[in-house]
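Subject: Structure for your reading

Dear colleague,

Please find the structure below.

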Amino acid sequence: MLRFAAGGLAANKVRSALTMLGVLIGVASVILLLAVGNGSSVAVKESITSLGTNSLTVSAGSAYGGARGAGSAKKLTVADAKALAADTDSTAIRSVAPVVTTSGTALYGDISYSPGSIVGTYPAYFETANQKVAHGEYFTDDDVLGSRKVAVLGATTAKQLFATEDPVGKRIVLGGTPFTVVGVLEAKGGTGFTDPDDVVIAPLPTVQNVFTGFGPVNQILVQANSADTTTAAQAEVTRVLLGTHAITDPTKADFRITNQASLLTARESTTKTFTVLLGAVAAISLLVGGIGITNIMLVTVTERTREIGIRKALGAPRAVILGQFLTESTLLSVLGAGLGVAVGIAGSHFSIVGIKPVVIPESVLGAFGIAVAIGLFFGSYPANRAASLRPIDALRHE
Amino acid sequence: MRHVIDKRVPAAPPPVIQLRRITKAYGHGDAVVHALHGPEDPATGGPLGVSLDIEQGDFVAVMGSSGSGKSTLMNILGCLDVPTAGRYLLDGIDVGHLDEGQLALVRNRKIGFVFQSFNLIPRTTALAQVELPLAYAGVRAAERRRRALAALSLVGLAERAGHRPNQLSGGQQQRVAVARALVTAPAMLLADEPTGNLDSRSTEEVLDLVDALNATGRTVVLITHEDEVARHAKRVLRLVDGRIVDDVRQAPVDGPPPLLRDLGVTA
């Protein structure tokens, strides 16, 4: 029966090929578009990890804007950070880094450049903010204690100041004070308006000394033990800071805690919607491919009406005729879907609109399965029509 | 006008075909056309239908001009079409009571068709063509092949088993069709103008084959409008306007067909 079906398809090679092309495009687009959607969601996940999934940012000011005007709001201080770090009950918090951010001009030789930001912090910052030194080294706790004039440069800043020169060990001038460059950070690559690589990081007291003075800090960066304990860590931070700020009513808190991971989870759900939309578009093209099968099988049945009549005259039962045309349409869809899977997987090796597609294995099986089912379903109408032809009408057909 | 009078001896085997007052009408209301009419009912003037018996081993030629109802008769005999009224017993089975699946089975087991336009299946080898009715009958592949080859050698085409219809001459195609018709050992061979599309040499070949088959006891019903062809039959029916107007016996049922030539064919 399979041989008959293959023979039937081979008799009209161009027509069969075009029908298969319909299914092929449908299957390939399902696989490819879902892979693109999945790829962008994987990219978001990666950017969550690069930001540090288990980091919390504490900043001054009420979460509810109204309290700010009361004037009672305390700024965050190094003491708050120390209180958090000293909290022995905590199992959720791994490390704490107070952060001051300022701006200024960096000079090297006759080159002057204003980095996006100058950050003063503790060494824990590097791990929490997922900033890795690519070349050279981090500054240490000793550098913080000694207020040493050392700095780690972001990739962009290093490139602007030094071009191809090796910055490590060189002296730059920041705010009129000479700093020694000890390390250069790995490039993170920007995803937003601000370039995360356009930064100078130095020990907190040094930056306070040169720029901001020993007042409040802008932020406290808290690292939870793991992504799962961020919620616990957030509760912990709230409890400790309410204590140090002597606030009893949590709704009147004069600080806010932002969780990077939760923001990005929201973004991830957007990409999921995007994936579903892409999948729907692809599914429609698969459906159109299925209708193509119906169309071509109807033509085939009409064309072969006489042959159906002969077979019926020879005593072919209804089921045999039905089976023959169903096999033919299913063969079309199986071949089309098989080629579609190949094209889809091959196509996913190329990056599409800046997104590296990641093939979802279920989508391959699903698209193939649906295509085969479509062949059966859309082939059943023409096959049924062939099987229910009256032999006398079929034989008379010219 | 002559009428068939049943004069069978009771001991004889039952007829392969028994038609009882068969009519076939097309269209509705005023536009009704009776393709099979039979004699008029003396009381009402309506059609009485065609009644006909065909004995086992007979060789009947049905003649008539186009529109005489011979093709309709052939379609009803071949269970390809159902009569409007009347009873049809094929090999003792009342065909009127069968559903589509059973009719397919009857066509498969009881009837071998040979058509004017050969009606071979395109792109299929002669062997596969002949195997087809056996495949529908559920015969196993090895047995199928053996019987199909035997049928092909009976029609003298054993060495052409692997050829497709477009690689065979008209006469050869018709011989493949004959092999296909007889491979299931049917009760009746039904041939609709089998030589209509053939040259005179191929016509002789095919008719000799049919003669030989009838000589071995196969019942043959052959539809034709050529007198040359009808001369091969033992009995000739003539149809005009859906009525049997002439019924001539040219040779006894249990004898050889009148024009049988010794071909050395053995069934």
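How many salt bridges does the rule find across the interface of chain B and chain A? The rule finds two, a salt bridge being a side-chain nitrogen of Lys or Arg within 4 Å of a carboxyl oxygen of Asp or Glu. One salt bridge is formed by B:D81 with A:R390, and the closest N and O atoms there are 2.9 Å apart.

Please note that this is a predicted model, in which local features need pLDDT of at least 70 and side-chain atom pairs count only at pLDDT 80 or more, while totals for chains, interfaces and linings use all residues. Residues are numbered from 1 along each chain as its sequence is written, chains are lettered from A and ligands numbered from 1 in the order in which they are written, and side-chain values use heavy atoms, with hydrogens and water left out.

The interface

In chain B, 21 residues are in contact (heavy atoms within 4.5 Å) with 23 residues of chain A. The two chains bury about 1,900 Å² between them, and carbon and sulfur atoms give 59% of this area. Buried area here is the accessible area (1.4 Å probe) that two parts lose on being put together, summed over both. Of the area that chain B buries against chain A, 31% comes from B:L80, B:R123 and B:Y136, more than from any other three residues.

The elements that give two or more residues to the side of chain B that touches chain A are α2 (100-110) and α3 (126-136) of chain B. With four residues, α2(B) gives the most. Helices (H or I, at least four residues) and strands (E, at least two) are DSSP runs, numbered from the N terminus.

A strand within chain A

Strand β7 (residues 150-153) of chain A is covered on both faces: A:V150 and A:V152 on one side, and A:A151 and A:L153 on the other, are all buried. Buried means under 20% relative accessible area, exposed over 50%, and partly exposed in between (1.4 Å probe, protein chains only).

β7(A) runs parallel to strand β9 (residues 177-185) of chain A, joined to β9(A) by four bridges; the bridge partner of A:V150 in β9(A) is A:T180. With strand β10 (residues 199-203) of chain A, β7(A) pairs in the antiparallel sense over two bridges, and A:V152 stands opposite A:I201. Two strands pair if DSSP finds at least two bridges between them.

Yours sincerely
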